[in-house]
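Here is a brief report for a reader who works with coordinates.

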Amino acid sequence: MTLLDIEDLAVTFPVEGGTDVPAVDSVDLQVEAGEIHGLVGESGSGKSVTARSIMRLLDDAEVSAERFDYRGEDLYAKSEAEMRSVRGDDIAMVFQDSLSALNPVMTVGEQIAEVVRHHGDVDESASLLSELRRKYVTGTSESAPSWRRAVELLETVGIADPEDVATSYPHQLSGGQRQRVMIASALGGDPSLIVADEPTTALDVTVEASILDELRRLCDEFDVAMLLITHDLGVVSETCDSVTVMYSGSVMEYGQTDQLFESPAHPYTKGLLRSIPERAPTEGELTTIPGSAPEPADRPTGCPFRDRCPAAFDACSEPLPEHVVEDGHVTHCHLYTEGDDPGDVSWDATIEMDGEATVDEATDRTTATEVTDG
Ligand code: ADP
Ligand code: MG
């Protein structure tokens, strides 16, 4: 079942007396129940804006979409009160920066217990006295079901000393522990979807690997789907069932993780793949795509990647096409829709992202030359 179904999302930030910022331009995004879907792209490609649009946290922006359904219901047709119950109970969010996302003056156990109570599946006396006690005296009684559930969740997310951590304040914990706390808190509302925006980006690689393992296990165990936002395709290959690749506000390609890694069908995806150590063309040599992504205001017409693409040709200034590579695998690259067999294109050459781009007179296509000087 498709949990989240977004078609043709556009998000623009109005700038008074200036040029509006079209942060996200044409985004289709589907997340199936129970799966981990990666949303990957360089910094500035619109991943966080897309994530916030799902939680309807973009008060300062104009949001439009052909479709924006969660469980078949239009999220943007809901009242603010209905949205409040969606946030947390149905869709929970985990941010990169846990220190600013967590309340600094409340123990983490208290914060998780609050989510658990808000979700309402613990039988707990809500008498005035216990409310007052919670607020002003010592917080939740450690014998309360919501507190016990909080400790249990901390243990579930891999915290070794959950009782101690529960009584700690965020600043007393390590970055890795805080991310685990955020995940525990997200699970506290028993959601069907967790939107995790670069949840491990600030952590060192061993902690990152262990938290990603944990996330996979938890998604299985709690039968929760996740939209995992990352700039790192290595994270996607380790963790995600399927993936959407974004570039400068638009989707370039999406499919099952296997499909994208085995037969990437967009030059941008190919370029990204070459920046993963295990996939580099020569051992020890990492290549990055030369240049940087344009600011939304400087984006070229048509394909936003065309100024950096070694395979760009005339058609790339036209609106993005859609081409089904195989069932479930779609690329928005003009090379596929020109009517030619894309086999004509020398993909080996086009993924030499370090090479100089040259125009082939015969086909009027740009291909890249091999890198010769190492
Ligand atoms: P990512 O998460 O992929 O790094 P973002 O979604 O944060 O990228 O940002 C996408 C684009 O939207 C960027 O160009 C950014 O500058 C712009 N943007 C994000 N938030 C705002 C805002 N509140 N006002 C204006 N522009 C914004
Ligand atoms: Mg971001």
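The notes below go through this predicted model region by region.

**Ligand 1**

The shell around ligand 1 counts 13 residues. Gly 44, Gly 46, Lys 47, Ser 48 and Val 49 are the closest. By class, five residues of the shell are nonpolar, five are polar and three are charged. Two elements, β2 (21-32) and α1, each give at least two residues to this shell. The largest share belongs to α1, with three residues.

| Residue | Protein atom | Ligand 1 atom | Distance |
|---|---|---|---|
| Gly 44 | backbone N or O | oxygen | 2.7 Å |
| Ser 45 | polar backbone atom | oxygen | 3.1 Å |
| Val 49 | backbone N or O | oxygen | 2.9 Å |

On its own, ligand 1 has 570 Å² of accessible area, and the protein covers 70% of that.

**Helix α2**

Which residues of helix α2 are buried? The helix spans residues 80-89, and its buried residues are Met 83, Val 86, Arg 87 and Asp 89. Their cover includes α1 (47-54), β7 (91-94) and α4 (108-119).

**Cysteines**

How many disulfides does the structure hold? The count is zero. Two cysteines show why. For Cys 316, the closest cysteine sulfur belongs to Cys 303 and is 6.1 Å away, so the gap is too far for a bond. For Cys 333, the closest cysteine sulfur is that of Cys 309, at 6.3 Å, again too far for a bond. The cut-off for a disulfide is a pair of sulfur atoms within 2.5 Å.

Are these two cysteines buried or exposed? Cys 316 has 7% relative accessibility, so it counts as buried. Cys 333 is buried as well, because its relative accessible area is 8%. The threshold for buried is under 20%.

**Gln 111**

The side chain of Gln 111 has polar partners in the backbone. A polar atom of this side chain is 2.8 Å from the backbone oxygen of Asn 103. The backbone oxygen of Met 106 is 3.0 Å from a polar atom of the Gln 111 side chain. Beyond four places in sequence, Gln 111 is in contact with Leu 102, Asn 103, Met 106 and Pro 170.

**Gln 96**

Where is Gln 96 placed? Gln 96 lies in the loop between β7 and α3 (98-101). Gln 96 counts as partly exposed because its relative accessibility is 36%. Leaving out residues up to four places away in sequence, Gln 96 touches Gln 179, Asp 197, Glu 198, Thr 201 and Ala 202. Thr 230 is 134 residues from Gln 96 in sequence, yet their C-alpha atoms are 10.0 Å apart in space.

Methods. Residues numbered from 1 in each chain as written. Chains lettered and ligands numbered in written order. Predicted model: local features only at pLDDT ≥ 70, side-chain atom pairs only at ≥ 80, totals over all residues. Heavy atoms only, no water. Buried < 20%, exposed > 50% of the residue type's maximum accessible area, 1.4 Å probe, protein only. Helix = DSSP H or I, 4+ residues; strand = E, 2+ residues; numbered from the N terminus. Contact = heavy atoms within 4.5 Å. Near = heavy atom within 4 Å. Polar contact = N/O pair within 3.5 Å; in protein donor to acceptor, adjacent residues only side chain to side chain. Areas by Shrake-Rupley, 256 points an atom, 1.4 Å probe, with all protein chains shown as cover. Nonpolar A, V, L, I, M, F, W, Y, C, P; charged D, E, K, R; others polar.
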